[in-house]
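Okay, thanks for coming, everyone.

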Amino acid sequence: MTIPMEYGLLLAAILFCIGLAGVLVRRDVIFMLMSVEVMLNAAGLAFIVGGAARGSADGQVMFIFILAMAAAEVSVGLALIIQLYQKFKTLDADSASQLNG
Amino acid sequence: MSELLWLIVALPFAGSLVLALAGKSLPRLAAAMIGVGSVTLSAILMLFVCLDFLHANPAGTPVHQMLWQWINVSGFSPAIAFHLDSVSLTFVFVITFIGALIHLYSAAFMWKEDGFARFFSYMNLFIGFMLLLVLADNFLLLYMGWEGVGLCSYLLIGFWYKDPGNGYAARKAFTVTRVGDTAMVIGLFILFTNYHTLNIQDILQAAPHTWAPGSTIAIITAYLLLGGAIGKSAQVPLQTWLPDAMAAPSPVSALIHAATMVTAGVYLIARTHVLFELAPIVQTTVAIIGAVTLIVAGMSALYQHDIKKVLAYSTISQIGYMFVALGVGAWSAALFHFMIHAFFKSLLFLGAGSVIAVLNNEHNMFKMGGLWKKMPVVFWTFLIGACALSALPLITAGFYSKDEIIWQAYASDKGSIVLWLTGLAGAFITALYTFRMVFLTFFGNAKAEPTYRPGVAMTLPLVVLAFLSFAGGFIQLPDNMGHVTLFSQFIQHTLPTTVTTASGHAAEWIAQVIAAIVSIAGLALAYRIYYNKPFPAAEPVRNPIQRFFFQGWDFDLVYDKVIVQPIVFFSRIDKNDIIDQFYTGLASIAGLFNKGLAATQNGKLRWYAMALGIGAVITLTILLYA
């Protein structure tokens, strides 16, 4: 039995919105990073669903790209978080607002 | 030797440049050597060029020296080139020779002042520009010299810049002469549009064939050039800057505001005499301006307390005589008086400067007195200068030069009895104020003690100038007395001879006797009023008429009311310039946007993420539904 494409895309959209809401409302940088991961995976899911619907492997190829990119992003993100913590002694993203206009 | 002409001009410029660049690190003696040396070398070179010109060139053919092309744009090609003829040679002689003497005097006079090198840098620059003015072969180069001497005059009037009054005097001199200069430059534009060249000789040769005598364009051009001349030469109605220019150190007054720069107007009119002859009405105006000026300034000189102000008004008045001579077509008489006046007036200024210096900067004649025994050299040379200024008959050069003008004012074909009488009245006033000055300064009881004796560097120029002030006259004697015409023959190589209508030695004798009596009468009156009379330390200005003359006929007051105050008034009510409001408005709107946009840059990462999200939603919405 196949799951209709619309369901898969709907799930991806819900996951993306959850992730976006997480980025916007959480002040803790680690949680924000995790929410970004959720958004990335939502995008990846959308690609897989799309690929499966067309019966091609392009979606899965895209997902592997996204996965690699996410790994790199996490390493850079975590490094930044350590720096942030050393400088401000907190993980509150709003405290790093010195670059305001 | 004539090919070294350029060096006469280049030396002072070089001296000025060296002093301006390295003046601060040079010791005083070195600065004085450069400053005085450059002009003295110029003067020596000038003597050689002079001899060469007179000797190898009895016909007085002009020497032309082309240095290089300045600009060459579609037919407009002024050159850096010099034109030496008898008129410019006379001026070059006076500028370098008197310039060198005054530089020597200044070295002693300014020795203790701050800015010694700066002073000589300005003075050398002045000599350079003045030579450029009189040697230029085209009007553009002439105008460059013309503005250059104005600049140096400004710099030197404001030399003691720590006193705001001096700065005011400097700005006033610059602004008032600028009025005339503007007229002059418009005149030069007219000349260029009509002749497509600014070369002076070309224009003078073409003018009589192009413009009919008395044509409107000739009259307008001549009037505009006259505007420049009266501004520079401090003639009515632009004379108000010269008395204030006395804020300058005394050697500056002697060099710039007596001997050379203020006679640039005389040079301009003599140089462009063809244009003035094409516009007889303008030439008459020249004579009238001169006549009015010599009376106006003479009357003001009678009431001054400041010895330098007397000499300033006297200079204005004597240049008035030169204008009268130019106006009646007595060209050589005007230049002769220019030369003799340069001798005795710079002598008087230097003498007055010595008196002022040894009395600790005392300018008021009523606080001097009895100096003739204490400063014999200064006194005797000053007396010779005063005699020359008052034109005492037979012995002084001033008699021969001024008498010729007064005679020509009557005898020339453009002369009249009114001009003659004005000249005589002026001569009377001149003798009166001159000897008032002599008696107040050198006779009577001493009110101040000299603090030191002027040294040789200060007295030597006085003695040389005093010698020239009486010997200089013998190169040009009237028809009935010896008939020596060395100077007028020399000038006639360049300028036309004076056309006289009245003839006969009898009339000339009578006129000379009258002129002599008038000047002696002035002396006698001054003797009666001022000789050995006890005056209070400051003669009060008593009644309104005296005050009127004291303030230079209230020209300043009128200009202040008519020109300065309305402009100040308008600028005050329009302080927030109405047109400016629009542009200020544009700027403040941009500022508002800046503030609004800057507020969104709050540095909070989550805000940026939200903006990104909203932007993405809006873009997607547009893409999907548009």
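Before I show you the first spot, one term: when I say polar contact, I mean a pair of N or O atoms within 3.5 Å, where one must be able to donate a hydrogen and the other to accept it. And keep in mind that this is a predicted model.

So, let's start with B:Ser412. It sits in the loop between helix H17 (397-411) and helix H18 (417-442) of chain B. Is B:Ser412 buried or exposed? Well, its relative accessibility is 1%, and buried means under 20%, so B:Ser412 counts as buried. What does its side chain find in there? A polar atom of the B:Ser412 side chain lies 2.7 Å from the backbone oxygen of B:Val328. The side chain of B:Ser412 also makes a polar contact with the side chain of B:Asp413, at 3.3 Å. Leaving out residues up to four places away in sequence, B:Ser412 touches B:Val328, plus B:Thr498, B:Val499, B:Thr500 and B:Thr501.

Now compare another serine, B:Ser42. That one is in helix H2 of chain B, residues 28-55. B:Ser42 is buried too, with a relative accessible area of 0%. Which backbone oxygen lies 2.7 Å from a polar atom of the B:Ser42 side chain? That would be the one of B:Ile8. B:Ile8 is also among the residues that B:Ser42 touches, together with B:Leu7, B:Leu11, B:Pro12 and B:Thr96, again not counting residues up to four places away in sequence.

Next, a bit of strand. Look at E2 of chain B, residues 79-84. Six of its six residues are buried, so this strand is largely enclosed by the rest of the structure. Both faces are covered: B:Ala79, B:Ala81 and B:His83 are on one side, and B:Ile80, B:Phe82 and B:Leu84 are on the other. The partner is strand E1 of chain B, residues 63-69, which runs antiparallel to E2(B) and is joined to it by six bridges. If you want a pair to find by eye, B:Met66 stands opposite B:Ala81.

On to the aromatics. How many aromatic pairs are there over all chains? A search of the whole structure finds 40. Take B:Phe399 and B:Tyr400: the ring centres are 5.4 Å apart and the planes are at 70°, so that pair is edge-to-face.

In chain A, the charged end of A:Arg26 sits over the ring of A:Phe31, 3.9 Å from its centre. In chain B, B:Lys112 lies over the face of B:Tyr452, at 5.6 Å from the ring centre.

Last stop, chain A again. A:Gly51 is in helix H2, residues 29-54, and is buried at 8% relative accessible area. Beyond residues up to four places away in sequence, A:Gly51 touches A:Ser56 and A:Gly59. That's my tour, thanks.

How values were computed. Residues numbered from 1 in each chain as written. Chains lettered and ligands numbered in written order. Predicted model: local features only at pLDDT ≥ 70, side-chain atom pairs only at ≥ 80, totals over all residues. Heavy atoms only, no water. Buried < 20%, exposed > 50% of the residue type's maximum accessible area, 1.4 Å probe, protein only. Helix = DSSP H or I, 4+ residues; strand = E, 2+ residues; numbered from the N terminus. Pairing = 2+ DSSP bridges. Contact = heavy atoms within 4.5 Å. Phe/Tyr/Trp six-rings, centres within 6.5 Å; stacked < 30°, edge-to-face > 60°. Lys NZ or Arg CZ within 6 Å of the ring centre and 35° of its normal.
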